[in-house]
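Biologist: I would like to learn how to read strands, helices and chain contacts in a model. Where do we start?

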Amino acid sequence: MQTEFNKYKKDADFVAFKTIHERTRDISVRDGKPDSFHEFDDAGLLIEVMRNGHMGYSATCETTPEGIKHAFAKAIAMTDTSAKFPVFKFDEKIRPPSKGSYQSASKRKLDQLSMAEIYDFLKQTSLRMKINDKIISTTSDAMIITCQQNYMSSAGAEFDQTFDIVINSMAATAREGKETQTRSLHGGRGNCLQIGAEHFNLESALKDCDQISSEALELLTAENCPTETCDLILSPDQMLLQIHESIGHPLELDRILGDERNFAGWSFVQPADFGTLQYGSPLMNVVFDPTVAHEMASYKFDEVGNPAERKHLIKNGILQAGLGSLESQMRSGLRGVANSRASSWNRAPIDRMANINLEGGDLTLDEMISKVENGVIMFANKSWSIDDYRRKFQFGCEYGKRIKNGKITTTLKNPNYRGITVPFWNSLSGLTKPDTVETYGSPYCGKGEPSQIIRVGHSSPYALFKNIEVFGGG
Amino acid sequence: MKTDILAYLKKYTTEAFNQLLADEELAFNLHSEESDFIRFSQSKVRQNTTVQQHEITAQYQLDQRTYRLRYNLTLDYATDMKKFASVLQQLRQDLPKTDPNPQFVPLVNNGLSETFKKATRPSTAEIIPLICGTFADSDMVGLWCSGPLRQAAINSKGQFHYFETDYFFLDYSLYDGPRAAKAFYAETNWNQQAFLNAAQQTKNTLSLLKRPSQKVMPGSYKTYLGPMAVAELMGMFYWKALSRASFEQGFAPLKKLHDKDVLFSEQFTLMENLSLGYSTPFNALGELSPQELPLIEKGRLQNFLISTPTATEYKLTSNYAEPNEMMKSPEIRAGTLDEAAILKELGTGLYLSNLHYINWSDPQAARITGMTRFACFWVEKGEIQGPIQDLRFDETLYNIFGKNLINLTKNQQVYANTSTYLKRELGAMKVPGALLREMNFTL
């Protein structure tokens with residue numbers, strides 16, 4: 001590819017070639033038998049060209065000299081037309097000349113993991129959850145991703161990054177009469193990490209299976225979550241969604257600048273809010289941190305070469321910085337982060353989350369529960385919805401427990417809650433200690449026109465919120 | 001020189017099938033697109049991307065086992081055949097290490113077809129100044145998408161179905177501060193005057209939003225849902241509600257409808273209607289799906305979407321749904337409500353043009369939650385009073401399309417699928433507006 005790049009690197013004000021080669025094995029086993037075996041071996045090239053201050057893109061899987069020539073010519077033609085109507089005129093500062101490499105931390109590379117090993121793990125875990133005739137379906141699946149990314153630019157950038165990623169989920173569905181309930185490992189596909197084959201620890205997974213299936217059965221006879229305003233404790237595997245939807249998205253600078261208004265939406269956050277808005281209670285400290293080993297969206301550079309650094313987004317409850325790439329920083333004059341990312345070679349990079357983490361507090365979980373006179377604790381996300389300005393949300397969880405007079409009492413099914421972002425975060429009144437922080441993520445964050453999904457990571461302790469509207473199903 | 005994709009595909013698949021051993025079966029699915037995406041913000045170009053993407057999925061079958069492996073074609077024959085050889089070697093190595101699949105369907109020859117459709121449209125070089133010029137007096141944000149798209153379902157038993165189309169859409173909204181109106185423009189052939197008229201109509205809708213904002217408290221209100229709002233609700237029928245496999249495996253929002261514990265309104269009929277012409281006539285297996293399939297007819301569940309793999313596993317009869325058992329081209333049949341009578345029939349209540357971010361809040365009860373979005377109004381005595389602040393609803397499909405459905409509009413709108421996640425999607429939906437006795441708003 002270097003030879004091809006050299007042919008074109010002087011043919012525009014700026015030229016970059018990004019190649020992606022990503023292999024995804026998506027294997028699903030249901031009731032101990034094959035459900036679906038899909039694999040995607042995706043390879044292609046994204047060409048970036050800057051003409052007269054406007055950046056344009058051409059993507060192709062025709063990575064032959066002829067295909068690249070055609071793609072480059074299309075990039076120039078379309079960008080020249082678009083450059084007459086630009087939203088903003090950029091300069092070369094949006095593409096730094098970074099050099100280096102990154103590799104996910106792993107003990108055994110995922111490309112050494114055989115189909116037989118994966119299938120055996122999924123089969124055994126799927127069968128383990130079938131503990132009772134009331135369990136009507138058990139699913140165990142894994143997405144195993146190896147991704148190689150290479151970037152070179154006429155500004156002198158040259159870096160490569162290799163990611164090993166596992167997304168592993170297990171779920172059991174129980175039915176009795178007209179009642180059906182599903183319990184899973186941390187909700188849908190929340191169990192995501194950059195890790196090697198060592199992730200597949202059968203002994204530990206079988207213990208998870210036992211808990212999943214017994215809780216699915218427990219939910220069949222549980223009472224519905226009450227409808228009332230009370231204290232609410234959210235587990236880290238629900239907090240991941242709360243952080244994602246009500247902190248991550250509203251802080252994206254391209255949303256604040258209005259680029260997403262037709263699709264994903266705008267934001268309640270205004271440029272003047274940075275440095276002033278009391279986003280949450282003083283307990284709230286949120287960081288953008290793509291430097292955490294094993295978290296889903298860690299990297300050394302974003303996809304245009306901006307070096308990744310840990311930065312506070314919210315400190316002691318006050319909004320500090322947005323999630324804006326070098327392009328959005330130049331457009332808005334606001335501070336941002338290294339977050340220019342694309343779903344693959346066939347989409348242009350935009351402002352995305354990476355790892356957005358809520359830092360721990362000073363309570364043990366028992367101490368937190370003991371502070372609740374009347375409340376509910378909820379585990380594992382199963383439903384999510386929020387408005388296009390990221391104010392009014394409603395989330396649902398798989399499993400809940402009632403808390404009365406500082407003690408956990410009965411199991412609750414269909415636990416849901418709703419609120420408004422800033423008042424909700426200002427009602428935060430306790431966080432468990434850093435050693436209770438758990439790390440999850442999502443492979444499916446959607447945004448952009450044309451649309452993109454991206455992988456994100458979120459870590460959080462347990463969090464206590466006061467006076468929240470909770471309710472059940474039916 | 002530009003490659004003839006159809007000729008290339010024939011040559012490639014013929015050679016691939018020649019490499020199979022006696023008991024091996026192989027099917028290919030093609031998704032090929034040459035897409036121009038122009039992203040607009042503030043009526044100017046934010047990003048322009050052109051994409052050449054040719055994905056092929058090899059479905060390899062042997063001894064009751066199936067594995068699907070998708071990869072990209074470079075359109076260099078030697079490179080692509082070399083890739084195929086390595087794919088085949090991997091499949092031969094991996095598949096025997098698994099167990100027989102309960103959904104296994106032996107490949108059969110479902111026939112031959114070649115379909116070509118083509119839109120006439122301005123070139124991308126022409127469309128950029130045209131769109132920027134048309135909306136120069138507005139704050140427009142959205143996406144132009146155009147270019148050829150090809151899909152095929154081919155197998156080693158002799159089946160060869162090929163579909164090629166070339167279409168465009170402009171999916172956009174106009175803003176005036178925080179107030180916005182949403183629109184689409186997509187036709188078989190570009191009509192400059194129709195486009196300009198539609199743009200003006202969107203600007204007119206935006207001007208209605210200049211009226212004083214109305215504060216509406218949570219509660220139940222008589223509600224009119226415009227076709228775009230109904231289209232958003234339709235998304236929940238896509239989301240596993242009509243999938244037979246999901247139903248069997250416990251995710252069954254329409255179980256009460258199936259068991260006849262609750263019915264939808266007699267006015268509600270939902271069809272899968274491929275005759276809208278926006279999707280391939282064949283499914284991923286190459287089976288020819290019926291042109292029309294009643295799903296819910298006069299309020300009663302008539303059919304789930306049943307793919308042949310699901311039919312095999314649960315010993316049912318296939319209706320040749322896609323393997324993912326999602327609708328491709330649904331239609332909610334029209335009602336009798338005249339466009340001109342909507343406000344009068346609504347009287348006092350909410351007029352909702354769009355809904356947003358809908359999700360199941362209790363799937364067992366077919367209960368959903370979501371938000372109002374874009375041009376939504378408070379109406380009193382048949383007159384629009386002004387735009388509302390966004391409201392959250394939490395309501396069951398049984399209430400919306402059942403006991404609370406007063407009428408559906410005579411007028412139906414067709415919306416081409418504008419989804420571009422990973423790749424462009426074919427398909428469309430045809431929906432009317434809906435007048436509801438009440439709808440429950442919670443926040």
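Modeller: Start with pairing. Two strands pair if DSSP finds at least two bridges between them. Keep in mind that this is a predicted model. Now take strand S12 (residues 311-315) of chain A: 2 bridges join it to S13(A), and the two run antiparallel. Within that pair, Lys315(A) has Ile318(A) as its bridge partner.

Biologist: Which strands make up the open sheet in chain A, and in what order?

Modeller: The order is S13-S12-S11-S16, four strands with antiparallel pairing. Its edge strands, S13 (318-319) and S16 (356-358), each pair on one side only. Helix H5 (residues 236-248) of chain A packs on this sheet. The helix touches strand S11 (286-288) and S16, and its direction makes about 115° with that of S16(A).

Biologist: What does the span test give for H5 of chain B?

Modeller: Agreement. Helix H5 (residues 227-241) of chain B has 15 residues, which should span 21 Å, and its ends are 20 Å apart. This helix is mostly covered, with 12 of 15 residues buried. Among the buried ones are Pro227(B), Met228(B), Phe237(B) and Lys240(B).

Biologist: Which residues is Gln194(A) in contact with, beyond its neighbours within four places in sequence?

Modeller: The list includes Ser104(A), Phe163(A), Asp164(A), His294(A) and Met296(A). Take Ser104(A): this residue is 90 residues from Gln194(A) along the chain, yet their C-alpha atoms are separated by 6.1 Å.

Biologist: Let us move to chain B. How many helices and strands does it have?

Modeller: Chain B has 10 helices and 18 strands. Its radius of gyration is 24 Å, close to the 22 Å of the globule rule for 443 residues, so chain B is as compact as a globular protein of that length. Its C-alpha trace spans about 75 × 55 × 30 Å along the principal axes. Of its residues, 52% count as buried. Look at contact range too: of the contacts with a separation of 6 or more, 72% join residues 24 or more positions apart.

Biologist: Which strands does S5(B) pair with?

Modeller: S1 and S6. Strand S1 (residues 25-41) of chain B runs antiparallel to S5(B), with 12 bridges. One of the bridges has Phe37(B) partnered with Cys145(B). S5(B) and strand S6 (residues 160-176) are joined by 16 bridges, again antiparallel. There, Gly142(B) partners Tyr172(B). Strand S5 (residues 139-155) is mostly covered, with 15 of 17 residues buried.

Biologist: What should I look for in a hairpin turn?

Modeller: Check phi. The S5(B) and S6(B) hairpin has 4 residues between the strands, and Gly158(B) takes a positive phi near 110°. S14(B) and S15(B) form a hairpin with 2 residues between them, where Lys381(B) has a positive phi of about 45°.

Biologist: Which other pairings does S14(B) make?

Modeller: Strand S13 (residues 349-362) joins S14(B) through 10 bridges, antiparallel. His356(B) and Met371(B) are bridge partners there. With strand S16 (residues 392-396), S14(B) has 5 bridges, also antiparallel.

Biologist: Last, the two chains. How many residues of each are in contact?

Modeller: Count residues on each side: 71 of chain B are in contact with 65 of chain A. Strand S2 (residues 44-62) gives the most to the chain B side, with 11 residues. That side divides into 26 nonpolar, 28 polar and 17 charged residues. Glu39(A) has Leu69(B) as its bridge partner.

Conventions: Residues numbered from 1 in each chain as written. Chains lettered and ligands numbered in written order. Predicted model: local features only at pLDDT ≥ 70, side-chain atom pairs only at ≥ 80, totals over all residues. Contact = placed C-beta atoms within 7 Å. Nonpolar A, V, L, I, M, F, W, Y, C, P; charged D, E, K, R; others polar. Axes fitted to C-alpha atoms, helices over the stretch in contact; angles between N-to-C directions. Buried ≥ 20, exposed ≤ 12 C-beta atoms within 10 Å, placed from the backbone. Rg over C-alpha atoms; globule rule 2.2 N^0.38 Å. Expected span 1.5 Å × (residues − 1).
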